[in-house]
Amino acid sequence: MEAEMRTQLRRQAAAHTDHLRDVLKVQEQELREEAQEILNSKMMEQETHYRRLTQEQLDTFTLDMNAAYARLKGIEEAIDSHVIAEEEARKAHQLWLSVEALNYTLKSAGADSPTEPLEGAVRAIKESCAENEFAQALAIAIPEESLNRGIYSEASLRARFYDIRRLARRVALIDETRNSLYQYFLSYLQSVLLFERDQEAPPAKLAPEDLDTFKLLAYATYSIERGDLELAAKFVNQLRGESQRVAQDWLKEARLTLETKQVISLLSAYANAVGLGTTQAP
């Protein structure tokens, strides 16, 4: 009886499963048909809406054909000019990036060592503005020594200036006519005993009495303390005799730094100006 009961239960379970499967198939079919009807209805609505919009656009286009043709020609010209402007903007941006890389190279100078050679950064500028004669001329104007060796920073030149000033004061009396050992001793003694201001504001115009070595060094110190390396170099350049020879190397490096930075400053200003010129208003 138990076996028979189990058999009957299995049959009932199987029958129930078959019944559920049939019910689910029927429901699936009904849902599928309902979904298909909804889909067909939505597609017909969208198609009708699309046809209506298409017809409206076609009618509008037909009515405004002449105006649309003129507008199309204007759009074509605007696109052409926009493409040209985009190309110019890309070149300007590339030039600006190359100049910024060159400026970044200037920051690689150590306390008493020059920057990295500028040749690589300058080559990038030349490649980025191959068709720009002005930028090419500025890039070529950078001194060869700056390209191969680099330049000293203004802070480094300022630190070296005080050593040069001390030596120049010691040989202030030495010139082409007075260069004996006795004159060297007198010059050194004068630098020790003579008490003058280390720095002094330079006059608007130099007089003959201002060309004294000690005054020129005081003017140069005043200028370099205020970050005016160019003016300091001008005063140092007025030195004569042994003082000029002592300061010659420093003056050469100062000129090299000033000349290089001046060219790079012009390149930066030009790159910024070109960038602003190619920027389009939104």
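Predicted model: local features only at pLDDT ≥ 70, side-chain atom pairs only at ≥ 80, totals over all residues.
**Notebook: a walk through a helical chain**

**Entry 1**

I started with Glu225 and noted it as partly exposed, because its relative accessible area is 32%. That value falls between the under 20% that means buried and the over 50% that means exposed. Which residue forms a salt bridge with Glu225? I found Arg158 there, with the closest N and O atoms 2.9 Å apart. Arg158 has 35% relative accessibility, so I wrote it down as partly exposed.

**Entry 1: the overall plan**

Next I stepped back to see the whole chain. I counted 11 helices and zero strands in the protein chain. Reading from the N terminus on, I get the run α-α-α-α-α-α-α-α-α-α-α. I also checked burial: of the 282 residues in the protein chain, 27% are buried.

How many salt bridges does the count come to? My tally by the rule used here is 12 salt bridges.

I looked at one of them in helix α1, where Glu47 and Arg51 lie four residues apart, about one turn of the helix. Their side chains meet in a salt bridge, at 2.5 Å from N to O. I checked how open each partner is. Glu47 has 37% relative accessibility and so counts as partly exposed, whereas Arg51, at 56%, counts as exposed.

Then I turned to Arg149 and Glu253, whose side chains meet in a salt bridge of 2.8 Å, N to O. This pair links distant parts of the chain, 104 residues apart: Arg149 is in the loop between α5 (144-148) and α6 (154-170), and Glu253 is in helix α11. Is Glu253 buried or exposed? I have it as buried, because its relative accessible area is 8%, and under 20% means buried. Arg149, at 26% relative accessibility, counts as partly exposed.

I followed the salt bridges onward from there and found Glu145, Arg149 and Glu253 linked in a network. I located Leu256 in helix α11, and I noted it as buried because its relative accessible area is 8%.

**Entry 2: aromatic rings**

I searched the whole structure for aromatic pairs and came away with four. One of the pairs is Phe134 with Tyr270: the ring centres are 4.8 Å apart and the planes stand at 55°, so I call the pair tilted. Phe134 is partly exposed, because its relative accessibility is 44%.

Another pair I looked up is Phe161 with Tyr162: their ring centres lie 5.6 Å apart and their planes are at 75°, so the pair is edge-to-face. The step that decides this is the cut-off, because planes over 60 degrees apart count as edge-to-face. Phe161 is buried, because its relative accessibility is 1%, while Tyr162, at 22%, counts as partly exposed. I also saw that ring pairs link Phe161, Tyr162 and Trp250 into a cluster.

**Entry 3: patches on the surface**

I finished on the surface. Which residues gather in a patch of negative charge? I listed Glu30, Glu33, Glu34 and Glu37. I took a closer look at Glu37, which lies in helix α1 (residues 2-63). Glu37 counts as exposed because its relative accessibility is 58%.

I also marked a nonpolar surface patch of about 270 Å², made by Leu58, Phe61 and Met65. Met65 is found in helix α2 (residues 65-106). With 36% relative accessibility, Met65 counts as partly exposed.

Conventions: Residues numbered from 1 in each chain as written. Heavy atoms only, no water. Patch = residues over 30% accessible without salt bridge, like charges linked within 9 Å, V, L, I, M, F, W, Y side chains within 5 Å. Areas by Shrake-Rupley, 256 points an atom, 1.4 Å probe, with all protein chains shown as cover. Salt bridge = Lys/Arg side-chain N within 4 Å of Asp/Glu carboxyl O. Lys, Arg positive; Asp, Glu negative; His and termini not counted. Charge placed at Lys NZ, Arg CZ, Asp CG, Glu CD. Helix = DSSP H or I, 4+ residues; strand = E, 2+ residues; numbered from the N terminus. Buried < 20%, exposed > 50% of the residue type's maximum accessible area, 1.4 Å probe, protein only. Phe/Tyr/Trp six-rings, centres within 6.5 Å; stacked < 30°, edge-to-face > 60°.
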